[in-house]
Amino acid sequence: AVWVRKAADQGHADAQYNLGAMYSEGRGVPQSDKEAAVWYRKAADQGHADAQWGLGAMYAHGQGVPQSYKEAAVWFQKAADQGHAKAQCGLGLMYSEGRGVPKNIAKALSWVRKAAAQGFPAALERVAELEAMQPSSAGMG
């Protein structure tokens, strides 16, 4: 934990993310959602996709930060734009439920399909579900 902390303090995004994960899980350091969020944010601000997803999840669940679907969607979007499958699926689910973003089944399906294309299991399960929710196109059937 000492070396990870030194690298994190020096601004290394991977180390900041790893330190955040260590605090989140209580691995080598006392478990602290608040500390996890602090370190995830430092890495996320540098464009670290895993940290952006982790911080988004913390906002979605109100762990170590005030609960905010809107803030969760912001961070999921940043990670999703970098091809992060979990974030793409999470953002898709937020669009499907209208949490933190306006409800939009077409956008939900687009993001979940991107995650499914990477083989992400939760996304694979949701594609058919979302397709069934989408209004059928005019002239078909």
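Buried means under 20% relative accessible area, exposed means over 50%, and partly exposed lies in between, computed with a 1.4 Å probe on protein chains only. By that scale Glu 131, at 38% relative accessibility, is partly exposed.

The model is predicted, so local features need pLDDT of at least 70 and side-chain atom pairs count only at pLDDT 80 or more, while totals for chains, interfaces and linings use all residues. Residues are numbered from 1 along each chain as its sequence is written, and side-chain values use heavy atoms, with hydrogens and water left out.

**Whole chain**

Start with the cartoon of the protein chain. It shows eight helices and zero strands; helices (H or I, at least four residues) and strands (E, at least two) are DSSP runs, numbered from the N terminus. Read from the N terminus, the order of elements is α-α-α-α-α-α-α-α. Switch to the C-alpha trace, which spans about 65 × 30 × 20 Å along its principal axes.

Colour by accessibility next. Of the 141 residues, 42% count as buried. With the surface displayed, the accessible area comes to about 7500 Å², and 51% of this belongs to carbon and sulfur atoms; the areas come from the Shrake-Rupley method with a 1.4 Å probe, and for residues only the protein chains shown count as cover.

Contact means heavy atoms within 4.5 Å. Among contacts between residues at least 6 apart in sequence, 39% join residues at least 24 apart.

For charge, select Lys and Arg as positive and Asp and Glu as negative, leaving out His and the chain ends. Each charge is placed at NZ of Lys, CZ of Arg, CG of Asp or CD of Glu. The mean positions of the 15 positive and 13 negative charges are 4 Å apart.

**Stop 1: Gln 46**

Select Gln 46, in the loop between helix H3 (33–45) and helix H4 (49–61). Gln 46 counts as partly exposed because its relative accessibility is 46%. Which residues does Gln 46 contact, leaving aside its neighbours within four places in sequence? They are Gly 11, His 12, Ala 13 and Gln 16. Show the side chain of Gln 46: it reaches the backbone oxygen of Gly 11 at 2.9 Å. This falls under the rule for a polar contact, a pair of N or O atoms within 3.5 Å; within protein, one must be able to donate a hydrogen and the other to accept it, and residues adjacent in sequence count only if both atoms are side-chain atoms.

**Stop 2: salt bridges**

A salt bridge is a side-chain nitrogen of Lys or Arg within 4 Å of a carboxyl oxygen of Asp or Glu. By this rule there are five salt bridges; three of them are visited here.

- Select Glu 25 and Arg 27, whose closest N and O atoms are 2.8 Å apart. Glu 25 is exposed because its relative accessible area is 54%, whereas Arg 27, at 44%, is partly exposed.
- Select Arg 113 and Glu 131, which meet at 2.8 Å, N to O. This pair links distant parts of the chain, with Arg 113 in helix H7 (residues 105–117) and Glu 131 in helix H8 (residues 121–133), 18 residues apart. Arg 113 is partly exposed at 42% relative accessibility.
- Select Glu 129 and Arg 126, with closest N and O atoms 3.0 Å apart. The two are separated by about one helical turn because they lie three residues apart in helix H8. Glu 129 is partly exposed at 42%, while Arg 126 is buried at 19%.

**Stop 3: His 84**

Move to His 84, in the loop between helix H5 (69–81) and helix H6 (85–97). Is His 84 buried or exposed? His 84 is buried, with a relative accessible area of 12%. Apart from neighbours within four places in sequence, His 84 contacts Ala 49, Asp 50, Trp 53, Ala 79 and Gln 118.

**Stop 4**

Select Ala 117 in helix H7. Ala 117 is exposed, at 69% relative accessible area. From Ala 117 to Ala 85 the C-alpha distance is 8.8 Å, across 32 residues in sequence.

Finish at Lys 78 in helix H5. Lys 78 is partly exposed, at 38% relative accessibility. Lys 78 and Gln 88 are 10 residues apart in sequence and 9.6 Å apart from C-alpha to C-alpha.
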